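Biologist: Here is a model to go through. I will ask what each label rests on.

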Amino acid sequence: MSGVVTGDAVVLGLQPARLPSRALAVLIDLVVVWAAYLLIMLGLAVATASLDEAAVAAVSVAAFLLILVGAPIAVETLSHGRSLGKMACGLRVVRDDGGPIRFRHALVRGAMGVVEILMTFGVVACVASLVSERGRRLGDVFAGTLVVRERMPAARVLPVPPPPPWLVGRFAGLDLSAVPEALWLEVRQYLTRARELDPAVGRRLAERLADELVARTGTPPPAGVPAYAYLAGVVAERQARDTRRAFTEAGAGANVGNRTGDGGGFGAGRVFGAPAVAVPPVVAVPPVVPPSGASPVTPSVTPPPVASPPSAPPAGGSSSGGGSSATGFVPPA
């Protein structure tokens, strides 16, 4: 990575393009430009057959300058540093501060390219790129530009190794709120690359990271726990907390959705999922009128038994018993 500093004093991590990729991009550009130049020159030869030698020479020089010099300058200016070859190789020309190039940058690069690429068959450009720390040719040095890689290979994400079984759950009460994300990233990178490090170097790095974790958490590690195992245990505890928090938030969102779909405040006290039970109406029985001379006797009313829950709620809005509604309320006598 190259430490390109912008005008706002921000360091950009850009990877300069090296000689093989740049040479391939220049080769693609030259093939396209020379093919276009030859086709245009054939057309001009037919069109200028009736002209004298001086006119033909002037047309040839103008075509050379416009096609082999002017065309690359125009393409880099309009595409902000991406010619056809650079697009194919994933490269781009930028300024020293990381910004897009302008016409003056492309003009200086194109003018120097005639000398170090066309006239010397690329020898000067190759030597300058090999000597330069950032792989720049003379045109880049004079124009203040840099060719960088746009397409970076995807980084392979390695899993963090689990802690020893006897350390699982030992850090459940540890306060991890004061640990910054940068320190977590360093610990993760160390745990995933620990096997590739020298044992002595890896041990010193683990002890340094463990000391920083202890300073952030304020709790010393258990006695006899190596620094590598301590780091793995703390990272596993943080991952477990993040997992529990994610499941808790997902469950809370699902509960809110269920409560929203309950139908508001209607049906309060109803157990959802249980079949509705029809309540039989209470039928008013009129008193029996005895013959004359006898005292009126009011018969006893035995309430009907409660029917078992039907498999499905009854259809219709009224019951067949005495014209009362299905709500169970007794109509006035």
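Modeller: On a 1 Å grid over the protein atoms alone, a pocket is an open set of points where a 1.4 Å probe fits, with protein on both sides within 12 Å along at least five of seven lines. A volume is the space filled by probe spheres set on the points, which are joined across faces, edges and corners. The largest pocket has a volume of about 550 Å³. The model is predicted: local features need pLDDT of at least 70, side-chain atom pairs count only at pLDDT 80 or more, and totals for chains, interfaces and linings use all residues. Residues are numbered from 1 along each chain as its sequence is written, and side-chain values use heavy atoms, leaving out hydrogens and water.

Biologist: What makes a residue part of the lining, and which lie nearest the centre of the largest pocket?

Modeller: A lining residue has an atom within 4 Å of a point. The largest pocket has 29 of them, and Asp29, Val33, Leu68, Pro72 and Glu76 lie nearest its centre. Helices are DSSP runs (H or I, at least four residues), numbered from the N terminus. H1 (19-47), H2 (53-78), H3 (84-89) and H4 (103-119) each supply at least two lining residues.

Biologist: How do the lining residues of the largest pocket divide by class?

Modeller: Ala, Val, Leu, Ile, Met, Phe, Trp, Tyr, Cys and Pro count as nonpolar, Asp, Glu, Lys and Arg as charged, and the others, Gly among them, as polar. That gives 20 nonpolar, 3 polar and 6 charged residues in the lining of the largest pocket.

Biologist: Why are H7 and H8 called roughly antiparallel?

Modeller: Axes are lines fitted to C-alpha atoms over the stretch in contact, and angles run from 0 to 180 degrees between N-to-C directions. Angles over 145 degrees count as roughly antiparallel, and 65 to 115 as roughly perpendicular. The axes of H7 (residues 181-193) and H8 (residues 199-217) cross at roughly 150° and come within 11 Å. H7 and H8 are therefore roughly antiparallel. Contact means heavy atoms within 4.5 Å. Leu183, Glu186, Val187 and Tyr190 of H7 take part, with H8 residues including Leu205 and Arg216. The contact of H7 with H8 has 7 nonpolar, 1 polar and 4 charged residues.

Biologist: Why are H1 and H4 roughly perpendicular?

Modeller: Their axes are 14 Å apart, at an angle of about 95°. H1 and H4 therefore count as roughly perpendicular. Arg22, Val26, Leu30 and Trp34 of H1 meet Arg109, Ile117 and Leu118 of H4. By class, this contact of H1 with H4 has 5 nonpolar, no polar and 2 charged residues.

Technical notes: Parallel < 35°, antiparallel > 145°, perpendicular 65-115°, else oblique.
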